[in-house]
Amino acid sequence: MRIAMVSEHANPLAALGGVDAGGQNLHVAELSAALARRGHDVTVYTRRDDPDSPEEVATSAGYHVVHVPAGPARPVPKDDLLPHMGEFARYLRDRWTRQPPDVAHGHFWMSGLATVVAADGLDMASVQTFHALGVVKKRHQGRADTSPPERVRIERMVGTRVDRVAATCSDEVFELVRMGVPRERISVVPCGVDLGRFTPDGPTAARGRRFRVVSVGRLVPRKGYATLVRALPSVPDTELVIAGGSGRTDDPEARALLELATSLGVADRVHLVGQVSRADMPALLRSADVVACVPWYEPFGIVPLEAMACGVPVVAAAVGGLTDTVVDGVTGVHVPPRDPRALAARLRELLPDDLRRTMLGVAGADRAHARYGWDRIAADTERVYERCARPSGAAVREAVGENR
């Protein structure tokens, strides 16, 4: 099957941990690789943000990346990319008119817009994964939300125009239905984890005698790092390691976290280590007594899966996709978001209890291996393509059958 992945800002080749480089980049990269392993011809279309980037790259994982000339060939914040989506869609339209894919899969709302416009009238199926919804972001960030005002309206349009929406968690399904997307056209396909890289056995990063809590992700306020820092004074003999962003004090969020830690008297126990490579991430996670993921909201969250696959218990905010992946009391524990006292209480209970942490870690590894391997996620995605409602669905079903 010919599959077009459209990911306007999240280049699967980008280094993770920057402001606009995180879980979506990884999702697109891993899903594309897994589908390629299953025999599909996968091309990822992403915006060119570097004048030296070649138009097309053949990756070692078996899929291709096309750098689409849309807007300036330099990094642009994703919330400023909407004016360039017309140019992006015209490029896709030109390519797909000459050789349409069997299915186009948009990732994020602007990719969905470009996909819907480019695919209009062509004999091809369309699928959308939003990764995050504007209505949820606005609900949690209010005036701090920097999304274009058109976002919610465009998401509603995309959700009702594509053949199928692949939601990443059950919470997203409820939001989509409220937006007017028919429930029968929504499937749940979660993110996955690299089970070959993230395992309980392997090297462990060096650490001291204190308990260690590790938190990983883009260094932005909604990830809840300030909640962790505020909890730390009530969790003695414990260090907090935050991986993501630059880790330098010229980063506004890093500076704010360090200033907060200093004001609370825990600066010596807070370590901002900046970006950690994919190769080194499993060792860092294995070094943790607990991996904490406590965002204000989270459409899915890949880090909890990576921690679970490494056999490390997860303390997770009970929001969004984290309520699907982390089973409270089984693979980790849930805490209310933005509640340092509740977080501190759970950490004080969990950190000294070696037996309980071991049991949670074992259950987490079992769950990750049973449900969240990328090959399993690719198979689930194939079934979504198969169920696409457009006339081309017959061709899609035939193509899927050939690759089973």
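Predicted model: local features only at pLDDT ≥ 70, side-chain atom pairs only at ≥ 80, totals over all residues.
**Entry 1. Helix H12**

I found the side chains of Arg346 and Glu349 joined in a salt bridge, with 3.3 Å from N to O. Both residues belong to helix H12 (residues 340-350), where they stand 3 residues apart, about one turn of the helix.

I then noted a network: Arg207, Asp289, Asp354 and Arg357 are joined by salt bridges that share partners.

How many salt bridges does a search of the whole structure find? I recorded 23 salt bridges.

One of them joins the side chains of Glu56 and Arg95, at 3.9 Å from N to O. Glu56 is in strand E3 (residues 56-58) and Arg95 is in helix H2, so this pair ties together parts that are 39 residues apart in sequence. I checked the accessibility of both partners. Glu56 is partly exposed at 39% relative accessibility, and Arg95 is partly exposed with a relative accessible area of 21%. The 21% of Arg95 is to be read against the cut-off for buried, which is under 20%.

I next looked up Arg98 and Asp94, whose side chains meet in a salt bridge of 3.0 Å, N to O. Both residues lie in helix H2, 4 residues apart, about one turn of the helix. Arg98 is exposed, with a relative accessible area of 60%, whereas Asp94 is partly exposed at 46%.

**Entry 2. A buried Glu without a salt bridge**

I turned to Glu172, which is found in helix H6 (residues 170-179). Is Glu172 buried or exposed? I found that Glu172 is buried, yet has no salt bridge. Its nearest side chain of opposite charge is that of Arg151, 9.1 Å away. A salt bridge needs a nitrogen and an oxygen within 4 Å. I also listed the contacts of Glu172, leaving aside its neighbours within four places in sequence: they are Phe130, Leu133 and Ala167.

**Entry 3. Aromatic pairs**

I searched the whole structure for aromatic pairs and noted 2. Tyr45 and Trp96 form an edge-to-face pair, with 6.0 Å from centre to centre and 80° between the planes. This pair links distant parts of the chain, since Tyr45 is in strand E2 (residues 41-47) and Trp96 is in helix H2 (residues 85-98), 51 residues apart. Both Tyr45 and Trp96 are buried.

Why is the pair of Phe108 and Trp109 described as tilted? The ring centres of Phe108 and Trp109 are 6.3 Å apart and their planes meet at 55°, so the pair is tilted.

**Entry 4. Charges over rings**

Finally, I looked up two Arg residues placed over aromatic rings. The charged end of Arg222 sits over the ring of Tyr297, 4.8 Å from the centre of that ring. Arg338 lies over the face of Trp296, at 3.8 Å from the ring centre.

How values were computed:
Residues numbered from 1 in each chain as written. Heavy atoms only, no water. Helix = DSSP H or I, 4+ residues; strand = E, 2+ residues; numbered from the N terminus. Buried < 20%, exposed > 50% of the residue type's maximum accessible area, 1.4 Å probe, protein only. Lys, Arg positive; Asp, Glu negative; His and termini not counted. Contact = heavy atoms within 4.5 Å. Phe/Tyr/Trp six-rings, centres within 6.5 Å; stacked < 30°, edge-to-face > 60°. Lys NZ or Arg CZ within 6 Å of the ring centre and 35° of its normal.
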